Amino acid sequence: MSYDQPYPHAGVQLNHTAVYASDRYLSAEFIAAILGLKVGAPFGPFLPVDLGNGVTLDYYEKRDEAIQSQHYAFLVPDEQFDAVIARLEVVGVTYYADPGHTDPGRVNNLFGGRGAYFDDPDGHNMEVMTRPYARP
């Protein structure tokens, strides 16, 4: 493959990504419960959560070093957004209108939709939104 030729990226899709966790069961069960999903069967060292669009979060336990916080954004149907927020409230997780977590207990209205940010058990900054970001 030559790097000076255009890359045919039209068919490229994300299939899975590894999410580091200090306890893969706790973290996978947490995000599955909040998003209304199910945790799959272990696959080697991974514990998968299928997002329903062909992408899987593969939780990988990493106990020997600190977990570096990452950001994961989930597009949820508008009619399911309130249920996600309610599940956060039931388990006592604070959600925020902004990624910096300075506006607690509120949602945003970006791009004509609604969104919120919250931390998972390892401090990953999770986002739920009903409309994708408008990109230039």
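Strands β5 and β6 (residues 125-129) pair in the antiparallel sense, over 5 bridges. Strands here are DSSP runs of E of at least two residues, and helices are runs of H or I of at least four, both numbered from the N terminus. Two strands count as paired if DSSP finds at least two bridges between them. This is a predicted model, in which local features need pLDDT of at least 70 and side-chain atom pairs pLDDT 80 or more, while totals for chains, interfaces and linings use all residues. Residues are numbered from 1 along each chain as its sequence is written, and side-chain values use heavy atoms, without hydrogens and water.

**Sheet with β4, β5 and β6**

- The strand order is β4-β6-β5, in an open sheet of 3 strands with mixed pairing.
- β4 (71-75) and β5 (115-119) are the edge strands, each pairing on one side only.
- From one strand to the next, the twist averages 20°. Axes are lines fitted to C-alpha atoms, for helices over the stretch in contact, and angles between N-to-C directions run from 0 to 180 degrees.
- Glycine 115 has methionine 129 of β6 as its bridge partner.

**Helices on this sheet**

- Helix α1 (residues 24-35) lies across β4, β5 and β6. It runs at about 160° to β5. Contact means heavy atoms within 4.5 Å.
- Helix α2 (residues 78-90) lies across β5 and β6, at about 30° to β5.

**Sheet with β1, β2 and β3**

- This open sheet of 3 strands has the order β1-β3-β2, and its pairing is mixed.
- β1 (16-21) and β2 (46-50) stand at the edges with a single partner strand each, so one side of each has no neighbour in the sheet.
- The twist averages 30° from one strand to the next.
- β1 and β3 (residues 56-61) run parallel, joined by 6 bridges.
- Tyrosine 20 has tyrosine 60 of β3 as its bridge partner.

**Largest pocket**

- The volume is about 370 Å³. A pocket is an open set of points on a 1 Å grid over the protein atoms alone, where a 1.4 Å probe fits, with protein on both sides within 12 Å along at least five of seven lines; lining residues have an atom within 4 Å of a point. Grid points are joined across faces, edges and corners, and the volume is the space filled by probe spheres set on them.
- The lining has 16 residues, and Leu51, Asn53, Ala73, Phe74 and Leu75 are the closest to the centre.
- β4 and α2 are the elements that give two or more residues to the lining. β4 gives the most, with 4 residues.
- The lining divides into 13 nonpolar, 3 polar and no charged residues. Ala, Val, Leu, Ile, Met, Phe, Trp, Tyr, Cys and Pro count as nonpolar, Asp, Glu, Lys and Arg as charged, and the others, Gly among them, as polar.
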